[in-house]
Amino acid sequence: MIELQKIEYHYNDFKMHFALNIAAKERVVIVGPSGAGKSTLLSLIAGFIFPNSGQIILNQQNVTTTLPGKRPVSMLFQHNNLFSHLTVEQNIALGIKPALKLSRTEQTTIDDILVRIGLEGFNQRYPEQLSGGQRQRVALARCLIQHRPILLLDEPFSALDQALRFEMLALINQVCSEFNLTLMMVSHYLDNSLNHFSRCLVIENGKIIFNSTPNQLKQNENQRIARLLGF
Amino acid sequence: MFCKNFLLSVIFSLSLFSQLANAELPTLTVYSYNSFMSQWGPGEVIKKGFEAQCNCHLDVVTLGDGVSVLNRIRLEGDKTNADVILGLDNNLLEQAKQANLLIPHQIAKPDNLNTNWWDDSFMPYDFGYFAFIYNIDKVKNPPHSLHELVDNKAGWKIIYQDPRTSTPGLGLLFWMKKVYGDNAADAWQQVAKNTVTVTKGWSEAYGMFLKGEADLVLSYNTSPVAHIMNENDHHYQAAIFDEGHYRQVEVAGIIKYSQEIDLARQFLRYLLTPEVQRQFAEKNVMYPIIKTDIPNAFAQINSVNKSLDFKPEEIEKHQKAWIREWQSAISK
Amino acid sequence: MLKFKSLLPGISAASLILIILGSALIAIWRFALQSGNVAIYLDSYVLHIVWITFYQALLSTILSLTSAILMAKALSLIEFKGKRLLIKLMPITFILPALVVVTGLLSVYGQQGVLAYLCQLLHIPFSFSIYGLKGILLAHVFLNFPYACALFYQTLNSVPIEQRQLAAQLNFSTFTFFKLLEWPLLRRQILPMAALIFMLCFSSFAIVLALGGGPKYTTLEVAIYQAVRDFDLLQAALLACVQLLCCVAFIGLMQKINKTGTKFSVTFSDTNYRLPTANWLKVICMFVIIIGGLFIFSPMITILIQGIFFFRTSLLTFMLLQALLFSIVIAFGSAMIAMLLGLLLLWTNSRLLINQQHQLSNCLMLIASFILAIPSMVLASGLFLLLFGYSNNTVFICLLIMLCNGLIALPFILKNLAMPLYDITARYWQLTQSLNIKGVAHFYLVDFKGLKSKMLMSFAFAAVLSLGDFGVIALFGGQSVATLPYYLYQQISHYHYQESIVTATILLLLSFSLLVVMDYDRTSKN
């Protein structure tokens, strides 16, 4: 599903190297010290930056040089996921097509998705009238409406409190099952939330140094990595 | 902030003080136009020369052009510092007289005047004629009369100055009126057909002309002298017209609020001495008002055969109407 | 809660401006009434002038803005070497002395200009005449569009990087991106910009006189100049009021239309992400940039080439150096005054906006831009009437010139800094409140530290603006304060035409270097 073959990416003097193979419907969490290259990995997959060498295969297609809009990927950031001068409805509608006029069926689709994320009737609100969690829900709704099989999350819930964060994780899990999504999420929390994921990647200095189930981190042979992460 | 203010006021009062320290000698204050005192103007030499013989301090205040000088004194009224006003011309004279700012200069009319012009309130110090200048390389067959220029069979492109904002422009207005009388409006419309542009002042017009924007530019018949003296360039000539040329006389006068009237009169007399007259010829590029030795370059330019002018009272009476006539004629 | 203390700086700066302008106008009225010359006329010619003034100003504004948006968009779409320099140097046309602008434009578009020469080489008949309405519009667009363009470009770049990336993922076309993301940001700048350009064109003077081709295309400012020269001071004051009214009405209209609606969160990010652009669009952009760049720089380059050609070391006289020194001193003084007034006004303005007092904020900004609508001739005469007792004192004249130039530069400082200052104040508002950071500490820690480079840039801008100023100096100065533009006019009036081009070149180089030096980023990262 997600296949990175010998990816090399150079940022000034910083050389990063990634090789990865993730099956469909897997849920992957990426952790590691800041500045290690976690967000870069997501940007490579999303197509905001292009590798110096290597190939990216998504959904059995070689997308190494494909533009972000043509990749089977949707993405959620920590901030600025919503256009603050557009309403909730308009923000979501942009996931269907880059225009603001909606047909009746599209309108219904949006209403449905709002129900699913628990924001029924919030159509005409502006982002500044929403709480942090609600904003990320709206952004998630837009990702879902894009119907792209891969969902990338770049620390989307870091600004939320713990209860809300777990709530959101549960919601993500639910929609991933419901929509058959492959999930990759950057996080800096190493608590119970790791158990929501089927696989954990640890990145240090531009390389993947750990690639297994989250439970494996507690094994003895992985002590150095666990210490690096601060267990 | 306070510190800065304080500092400024100290500088300010220091400079005031330094001016006071100078005040032991009597001071004669002359108001004149800018170019009088500039690096290339005659002012600096005249100031030195006069101070060497008057045992006084000569303070020259310069402002824009003749009109600005006159207006400044009008604004200042009886509180003015000016003792002498230098740089008005015959077209502005009546305005100044009506403002009642001057006293008669009481200087006897010299017998060796270069041109026939004298006035009791204003003493002339140099003069010239308005004329159109052309480049002999580009205009092989220049116009020989104002009529020829206005009819413009050759299609010469003309630049002149706005009579509302510039002295030569005003001169041309009177010149046209003198030659065409009641038909001036038609003549202006004729001129408008080949006018490249009408500029605010002489500088803009002459600059455009030198850039090659036009064939003929309104200036003075002595302008070629400057080209000869500055860069030995003989390519520019004045077109001499059969109808004659409108005359401009530059004048100086004594302000009636002056406390130094004798000194002021001494200064005016000094202006008529041969060495100062030569300064005017060289640096103002105008004819000296009395017959005197002038640079050779003057001999190499076309001279004017006939001079034209209006009486100052006529000008005062009609100037506004004539400007309106010009305005509406060329706005059509 | 809005405290009086936070209102004080702005109110005092605004009242200072109002007092200066008001007392100048009143002094003229009083003098005119005393002197008994009460001829006033509002005839058809005056109405004709008002209409022509309005018409050309409106056209100039529309043309400048359209080309500015086009060029800014083109610049934001492609990356090339020297782009940063291009954008930094562009606004220089905005501040050149009128005579230099006219000379420059003529050497490109005139009968003997570069364009005519090229046409001759290619055997195309050259029939373009720069005089008349065309010339006025050309000059006004030349003066104003690069400045607007540089400002718009910054705005286009302030779209947050995440939103750009989102837009790429949502498959926005360049047009959709512009419509949905950039336009709402631009929109809040376009109308104030329009008001500024309109006002500058409305009160345009020397350019209209030089390129207008006669009284057919003239402006109210010219009529006022005329009235002052004829000593019809009452008429001048009346026309000045007409001009002020027209400008204020236009600005008021712009402010009315320009409702500041939803807030924008603008982040200043180091990393950048550019939306993928189609190749044909890149070609068009390149074309637009080349045309725009040539339009802006060819007049200046021709001046530079001529200046180097005519340069001789003997021209570096003492007078020239003195003029250079005076220019620099006055430029820095004016910039200081403008900066001080501007920051005082904006301090209050930011706090008004945070407290949702849009009306009051508009009012404050309006007062600050009054100066552009008041004819400099009227202002100078008025101030002179009030203060002529000191008119022989060089230091006093210097201060007065600095004040006038500072006031004239003020609207531009406000334009450059108003939004950034508001954004940064609003962003850290709660934080600074809770940390009890107020007053000078707030200014130093938040405003100055956060916007140092922007402030330096505005300072340089104000300095260059008064470097090129001739008008005020001509009215007050005389030879006691001879600056470079003054020296330049002197040279021309003494038939030293070639030398004057050298002076113009020095003026240009000085302005260039000021803008470049001030922009030098000391905190540059690798």
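This is a predicted model: local features need pLDDT of at least 70, side-chain atom pairs count only at pLDDT 80 or more; totals for chains, interfaces and linings use all residues.

Reader: OK, which domains does the assignment give for chain A?

Author: Domain 1 covers 2-72 + 149-229, and domain 2 covers 82-147. Their C-alpha centres are 26 Å apart.

Reader: And how many residues does each domain put into the contact?

Author: Domain 1 of chain A brings 14 residues, and domain 2 of chain A brings 10 residues.

Reader: How much area gets buried between them?

Author: About 1000 Å², with carbon and sulfur atoms giving 73% of that. On the domain 1 side, A:M168, A:L171 and A:F179 lose the most area to domain 2, together 42% of what that side buries.

Reader: Switching to charges: how many salt bridges are there between the two domains?

Author: The count is 2 salt bridges between domain 1 and domain 2 of chain A.

Reader: What about A:R137 and A:E167, how do their side chains meet?

Author: A:R137 and A:E167 form a salt bridge, at 2.6 Å from N to O.

Reader: Which element gives the largest share of the domain 1 side?

Author: Helix α5 of chain A, residues 162-179, supplies 8 residues there.

Reader: And what's that side like by class?

Author: The side of domain 1 touching domain 2 has 12 nonpolar residues, 2 charged ones and no polar ones.

Conventions:
Residues are numbered from 1 along each chain as its sequence is written. Chains are lettered from A and ligands numbered from 1 in the order in which they are written. Side-chain values use heavy atoms; hydrogens and water are left out. Domain bounds come from an automatic or database domain assignment. Contact means heavy atoms within 4.5 Å. Buried area is the accessible area (1.4 Å probe) that two parts lose on being put together, summed over both. A salt bridge is a side-chain nitrogen of Lys or Arg within 4 Å of a carboxyl oxygen of Asp or Glu. Helices (H or I, at least four residues) and strands (E, at least two) are DSSP runs, numbered from the N terminus. Ala, Val, Leu, Ile, Met, Phe, Trp, Tyr, Cys and Pro count as nonpolar, Asp, Glu, Lys and Arg as charged, and the others, Gly among them, as polar.
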